[in-house]
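Work through these exercises with the structure open beside you. Try each task before you read its solution.

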Amino acid sequence: GPEPIAAFARMGEENAFAVLARATQLAAQGRDILNLGIGQPDFQTPPHVVEAAVKALRDGHHGYTPANGLLPTREAVCRRVHTMTGVAISPETVMITPGGKPAMYAAISMLGEPGAEILYPDPGFPIYRSMIDFTGARAVPVPLREDNAFAFSAEETLSLITADTRLLIINSPSNPTGAVTPRIEIEKLLAGLENHPHVVVLSDEIYDVMTYDGTEHTSLLAFPEIRDRLIVLNGWSKTWAMTGWRLGWSIWPPHLYEAMRKLAVNSWSCVNAPAQWAGIAAIDGPQDHVHDMLAAFDRRRQLVTDLANRIDNVTCVRPNGAFYAFPNIKATGWFAKDLSRAVLEKAGVALIGGPDFGDFGEGYLRISCASSDVAIRDAFERIDEFLATEQ
Ligand code: PLP
């Protein structure tokens with residue numbers, strides 16, 4: 001039959017879904033699989049949030065909502081932003097979307113076209129690159145280097161900007177490295193961006209609450225000088241363990257907000273109403289589930305780092321954010337793709353190769369801490385044994 005337009009051949013994927021599918025398949029065959037590949041919290045949505053959705057359904061919230069989201073949900077986002085950053089924003093700037101991802105899709109597709117350049121983090125969330133390629137814009141990687149603890153370097157980022165740059169994507173805390181870019185570097189970046197007023201910034205802050213060791217997340221919302229060309233992506237997926245609910249928010253400058261709202265009208269219409277009511281309960285309700293989850297991630301990221309560093313020829317920077325670690329395996333002599341495939345097939349440990357997050361991810365693995373401490377210990381024992389016997 002007829003093929004889709006050529007742009008679809010340029011569109012990529014998230015290999016994490018393929019690894020998960022293969023791990024599930026092996027488990028169904030009876031293999032004992034330990035999964036350190038997961039990109040979602042291994043926690044349940046807090047019960048009071050579930051109850052709020054059930055109540056919304058019982059109360060008859062069954063219809064369409066405005067395309068940009070229910071006003072009470074957008075107002076709850078304003079309260080959340082104020083709690084997290086101290087900044088007052090208007091609900092007129094807030095878009096509610098099915099997960100945080102559509103904000104990425106929207107920002108890249110409204111600014112990307114042939115001839116344009118878009119800067120994206122490498123290693124970084126794979127959909128940035130995929131969507132840039134889809135639009136025909138040139139995808140320009142901003143390398144996040146281990147010798148800079150995988151943080152953004154303002155100097156290197158600014159050096160990549162040209163007259164054709166339309167969008168700069170930044171992400172802190174980072175998937176896949178767990179790095180948190182320090183405030184001083186963000187300040188330097190924003191100072192430099194004053195010389196490039198044609199560049200819009202998309203700040204993916206979906207892991208904002210997940211920082212450890214007293215590390216502070218710096219929201220770009222805290223800098224009024226960039227607000228008229230700043231998009232901030234965030235949402236409920238990670239913080240309240242709600243990935244399957246598909247509920248996210250983003251904050252837009254007025255001239256782009258209208259394009260975003262139109263895109264919603266032309267595609268998903270709105271997020272399902274009960275999820276939007278549940279989102280309010282998540283923001284306004286008790287946060288003890290969030291704190292328990294963060295305590296577990298904190299403990300496990302230390303465990304993962306310690307166990308990784310104990311393996312011959314493997315070193316691992318201790319991540320300060322999100323729930324991932326990004327060990328360096330260069331000295332093992334393995335390509336990351338081969339190693340990740342081999343440890344899944346032969347040792348029964350699912351994890352993601354660094355190259356699935358960009359070219360600068362070669363020589364690294366992404367380990368998710370969204371697995372029990374016992375599973376993490378067993379998995380590292382298997383990886384250690386595999387490396388000791390296979391080389
Ligand atoms: N941004 C980053 C950096 C992510 O890691 C993810 C999910 O893995 C998302 C955005 C998308 O989140 P959502 O499930 O809310 O669409």
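UniProt positions are given here in the numbering used for this chain, and such annotations may be inferred rather than shown by experiment. The model itself is predicted.

**Exercise 1. Find which residues the UniProt annotation "domain: Aminotransferase class I/classII large" covers, and describe that span.**

Step 1. The annotation comes from an unreviewed UniProt entry and covers residues 32-383.

Step 2. Look at the two ends of this span. Their C-alpha atoms lie 14 Å apart.

Step 3. Turn to secondary structure. The span is 38% helix and 14% strand.

**Exercise 2. State how the domain assignment divides the protein, and describe how domain 1 touches domain 2.**

Step 1. Read off the bounds. Domain 1 is 7-44 + 288-390, and domain 2 is 63-284.

Step 2. Locate the C-alpha centres of the two domains. They are 25 Å apart.

Step 3. Count the contacts. On the domain 1 side, 36 residues take part, and they meet 36 residues of domain 2.

Step 4. Name the elements on the domain 1 side. Two or more residues each come from α1 (7-10), α11 and β9 (324-325). Helix α11 gives the largest share, 6 residues.

Step 5. Sort this side by class. It has 17 nonpolar, 11 polar and 8 charged residues.

**Exercise 3. Decide how helix α11 is oriented relative to helix α13, and list the residues that meet.**

Step 1. Helix α11 spans residues 288-309, and helix α13 spans residues 373-390. Their axes come within 10 Å and cross at roughly 10°.

Step 2. Angles under 35 degrees count as roughly parallel, so α11 is roughly parallel to α13.

Step 3. Find the residues. From α11 come Arg 300, Leu 303, Val 304, Leu 307 and Ala 308. From α13 come Asp 373, Ile 376, Arg 377 and Phe 380.

Step 4. Class them. The contact of α11 with α13 has 6 nonpolar, no polar and 3 charged residues.

**Exercise 4. Describe the residues around the ligand.**

Step 1. The ligand is surrounded by 13 residues.

Step 2. The closest are Gly 99, Gly 100, Lys 101, Asn 175 and Ser 237.

Step 3. Sort the shell by class. It has 2 nonpolar, 9 polar and 2 charged residues.

**Exercise 5. Pick out the backbone features at Pro 123, Pro 176 and Phe 150.**

Step 1. Recall the background. Most residues other than glycine have a negative phi, and most peptide bonds are trans.

Step 2. Check Pro 123. The peptide bond from Asp 122 to Pro 123 is cis, with omega near 5°. Pro 123 sits in the loop between β3 (117-122) and α6 (126-135).

Step 3. Check Pro 176. Asn 175 is joined to Pro 176 by a cis peptide bond, with omega about 20°. The loop between β5 (165-171) and α8 (183-193) holds Pro 176. Asn 175 is also one of the closest residues to the ligand.

Step 4. Check Phe 150. Its phi is positive, near 65°. Phe 150 lies in the loop between β4 (138-143) and α7 (154-159).

Conventions:
Residues numbered from 1 in each chain as written. Predicted model: local features only at pLDDT ≥ 70, side-chain atom pairs only at ≥ 80, totals over all residues. Axes fitted to C-alpha atoms, helices over the stretch in contact; angles between N-to-C directions. Helix = DSSP H or I, 4+ residues; strand = E, 2+ residues; numbered from the N terminus. Parallel < 35°, antiparallel > 145°, perpendicular 65-115°, else oblique. Contact = placed C-beta atoms within 7 Å. Nonpolar A, V, L, I, M, F, W, Y, C, P; charged D, E, K, R; others polar. Domains from an automatic or database assignment. Near = placed C-beta within 6 Å.
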